[in-house]
Amino acid sequence: MCGIIGYIGKQNAIPILIKGLKRLEYRGYDSAGIAFFMNNKIGVRRCAGKIKDLESHIRGERLKSITGLGHTRWATHGKPSEENAHPHRAGGIVLVHNGIIENYFELKEELKKKGHVFTSETDTEVICHLIHSYSQNGLNFEDATREALKHVEGAYAIGIINEKEPQKILAVKKDSPLVIGLGKGEFFIASDIPAFLNYTKDVIILDNDEIASITHKGVSISKLHNSKPVKKEITKITWSPSMAEKSGYRHFMLKEIHEQPRAISDTIRGRFSLERAEVNLGEFSLKENDLKKLDKIFLVACGTSWHAALVGKYMIEEMARVPCEVDIASEFRYRKPLIPKGSLVIVITQSGETADTLAAQKESRKLGAKVLSICNVVGSTSAREADSVFYTHSGPEIGVASTKAFTTQLTGLYLFSIALAKAKKTLSSHEIRELFNELLQLPEKVEKSLQSNNAIIKIAKQFFRVRDFLYLGRGINYPIALEGALKLKEISYIHAEGYPAGEMKHGPIALIDNNMPVLALAPDDNILEKILSNMEEVKSRGGKVIAVATEDNTKVLSRASYILTMPKTNYYLTPIIFSIPLHLLAYHMAVLRKCNVDQPRNLAKSVTVE
Ligand code: F6R
């Protein structure tokens with residue numbers, strides 16, 4: 001995980017690095033550091049803690065430099081401490097790294113035997129020592145880096161500076177994200193675009209095994225292992241810098257929850273024709289003929305994106321009648337899946353960089369399947385390595401807990417299911433138009449759902465001190481119960497479980513007593529009566545029921561202590577509408593418990609380790 005940034009230009013690099021690191025803090029936030037040139041020497045400042053701690057650490061020093069590197073860490077090897085924080089140094093070589101070096105132990109032992117002295121427990125430090133030892137053997141900076149990386153196994157995005165060649169940054173990438181920002185007379189490297197969005201929207205996305213050499217004059221990119229020059233495309237980013245700011249909201253998570261009407265509108269814009277009753281397949285880079293032949297679909301993802309996959313199964317199977325299997329990516333890659341010829345694997349990933357999802361994606365392609373990536377980050381590894389991509393246009397998601405990315409993933413799955421149903425002729429044009437009409441009303445209905453905010457704050461005030469919480473749902477909303485529970489536990493640290501309501505009597509009902517709040521999802525659908533009975537079961541055992549119900553549903557009144565009503569929509573879109581109050585409830589409970597909502601403990605936004 002971790003975030004890296006580098007700057008070379010005319011301005012003072014220090015505030016640019018600090019600001020960029022704040023934008024990358026979602027990737028890791030247990031320690032941080034910067035490196036910079038001053039009087040042809042490299043200075044390093046690091047500390048345990050967040051970027052604001054690093055800021056206090058250097059306040060008063062009046063540091064000035066036109067070249068520098070920065071790092072925010074999510075500890076993998078060695079605890080969060082000043083010694084383990086990046087940048088790391090060996091001789092005149094100083095670097096920042098995101099990724100994992102798998103053979104670091106063997107390399108470290110060899111280097112130690114040759115007299116190298118290590119000052120940290122990190123895997124990263126071995127890269128420094130390797131480059132340093134090759135430069136001591138007479139290789140120039142770039143060649144020493146190329147040579148060193150021949151021995152390194154694992155994933156890395158690295159920014160390197162060298163005291164012997166000041167005013168140059170080398171950037172290398174393999175299996176961890178790295179982008180280069182091209183400004184006017186200034187250049188940036190970063191793990192993610194928002195880090196430099198205030199300065200430029202022109203971006204080069206580095207590919208695996210490429211090395212960039214960056215000076216004040218420009219950027220030259222070549223293959224890491226044979227030095228062959230590579231010509232790269234410049235991508236123009238359409239996000240505005242304010243999309244990566246809090247814009248007056250107390251937390252990114254709250255801002256991102258409120259951005260959903262806009263995010264969903266952007267995700268559906270231009271992606272279907274109501275008149276022709278068809279999805280614009282070009283937006284999925286898919287062909288109708290391929291869809292017609294499809295007999296089996298696998299949906300693979302992690303965490304919240306896995307919940308989207310579970311909802312996707314209901315959508316695809318019910319609309320298009322094509323069987324689906326849903327897998328957690330870390331399980332899929334090791335379970336030796338049986339993938340019949342001609343299957344499609346849909347990987348769902350906000351970041352496009354989740355290590356387990358990428359490994360599952362690789363495995364699927366190895367087994368002969370085509371891969372569709374539903375992804376939010378343009379140019380991410382998943383998007384580039386897939387056969388086809390559907391970008392959710394939710395804009396950058398900075399809060400660690402995923403909200404708007406989730407509902408736009410569901411929107412993408414809804415469109416995919418309609419496209420497949422059309423190809424399979426399981427829905428008529430009339431039915432498809434009805435589904436589109438409902439989709440067009442979705443942003444407004446999400447806006448309306450957000451108006452439940454004040455009622456949710458009242459409920460949060462009642463329950464924020466509880467120890468446990470149960471979420472119940474059925475059918476297509478069962479994954480939303482899982483999602484509500486995950487959101488609550490990850491940001492408020494309250495133990496929460498999501499259950500298919502019909503499963504209650506097989507065990508979890510034993511947990512129900514006067515202290516157990518139970519949130520039940522009760523949309524007006526064909527199984528409403530079933531969930532109403534489950535609510536009765538809870539109520540009669542003293543549990544406090546909070547119902548999320550469709551507006552005008554009077555049947556829930558006698559069964560719930562608290563009711564949140566949501567606008568009516570069709571069956572397939574209820575998971576989107578019903579996840580809004582659950583995300584808001586988790587948010588307000590966490591705020592009342594004084595938790596760090598945007599950066600929950602032990603988590604990071606982009607899980608690039610296995
Ligand atoms: C929870 C959350 C995580 C992610 C998971 C997968 O709120 O955000 O569970 O959903 O780490 O991340 P992506 O979608 O980037 O692959």
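This note goes through the predicted model point by point, from its domains and cavities to single residues.

1. Basis of the note. Because the model is predicted, local features are described where pLDDT is at least 70 and side-chain atom pairs count only at pLDDT 80 or more, while totals for chains, interfaces and linings use all residues. Residues are numbered from 1 along each chain as its sequence is written, and side-chain values use heavy atoms, with hydrogens and water left out.

2. Domains. The protein is divided into domain 1 (3-246), domain 2 (255-449) and domain 3 (450-592), with bounds that come from an automatic or database domain assignment. Taken over C-alpha atoms, the centres of domain 1 and domain 3 are separated by 45 Å.

3. Rolling a probe the size of a water molecule over the atoms shows where empty space is left. A cavity here is a set of points, on a 1 Å grid over the protein atoms alone, where a 1.4 Å probe fits but cannot get out, and its lining residues have an atom within 4 Å of a point. Grid points are joined across faces, edges and corners, and a volume is the space filled by probe spheres set on the points. Domain 1 (3-246) and domain 2 (255-449) each give at least three residues to the lining of the largest cavity. That lining divides into 13 nonpolar, seven polar and seven charged residues, where Ala, Val, Leu, Ile, Met, Phe, Trp, Tyr, Cys and Pro count as nonpolar, Asp, Glu, Lys and Arg as charged, and the others, Gly among them, as polar.

4. The second largest cavity. About 80 Å³ of space lies in this cavity, and the residues that line it include Met 1, Cys 2, Arg 73, Trp 74, His 77, His 86 and Asp 123. By class, the lining of the second largest cavity has three nonpolar, seven polar and two charged residues. One of its lining residues, His 86, is joined to Pro 87 by a cis peptide bond with omega of about -5°. Pro 87 itself lies in the loop between β4 (67-73) and β5 (88-90); helices (H or I, at least four residues) and strands (E, at least two) are DSSP runs, numbered from the N terminus.

5. Helix α3. Which residues of helix α3 (residues 104-113) are buried? They are Tyr 104, Leu 107, Lys 108 and Leu 111, where buried means under 20% relative accessible area, exposed over 50%, and partly exposed in between (1.4 Å probe, protein chains only). Seen down the axis of α3, these buried residues fall within an arc of 100°, so they line one face of the helix; the arc is that of the directions from the helix axis to the C-beta atoms. What covers the buried residues of α3 includes β6 (93-101) and α4 (125-136), and just after the helix Gly 115 takes a positive phi of about 100°.

6. Gly 6, in strand β1 (residues 3-8), counts as buried at 0% relative accessibility. Leaving aside residues up to four places away in sequence, Gly 6 touches Leu 17, Gly 68, Leu 69, Ile 169, Phe 187, Phe 188 and Ile 189, where contact means heavy atoms within 4.5 Å. The C-alpha atoms of Gly 6 and Gly 159 are separated by 6.8 Å, although the two residues are 153 residues apart along the chain. Ile 160, in strand β7 (residues 154-162), is also buried, at 0% relative accessibility, and its contacts include Leu 69, Ile 93, Ile 131, Phe 141 and Ile 169.

7. Most residues other than glycine have a negative phi, and most peptide bonds are trans. Asn 40, in the loop between β2 (31-38) and β3 (41-48), has a positive phi near 60° and is exposed, with a relative accessible area of 51%. Lys 336, in the loop between α10 (329-332) and β19 (344-349), has a positive phi of about 50° and is exposed, with a relative accessible area of 72%.

Conventions
1 Å grid on protein atoms, 1.4 Å probe; cavity = no way out; pocket = protein on both sides within 12 Å on 5 of 7 lines; lining within 4 Å.
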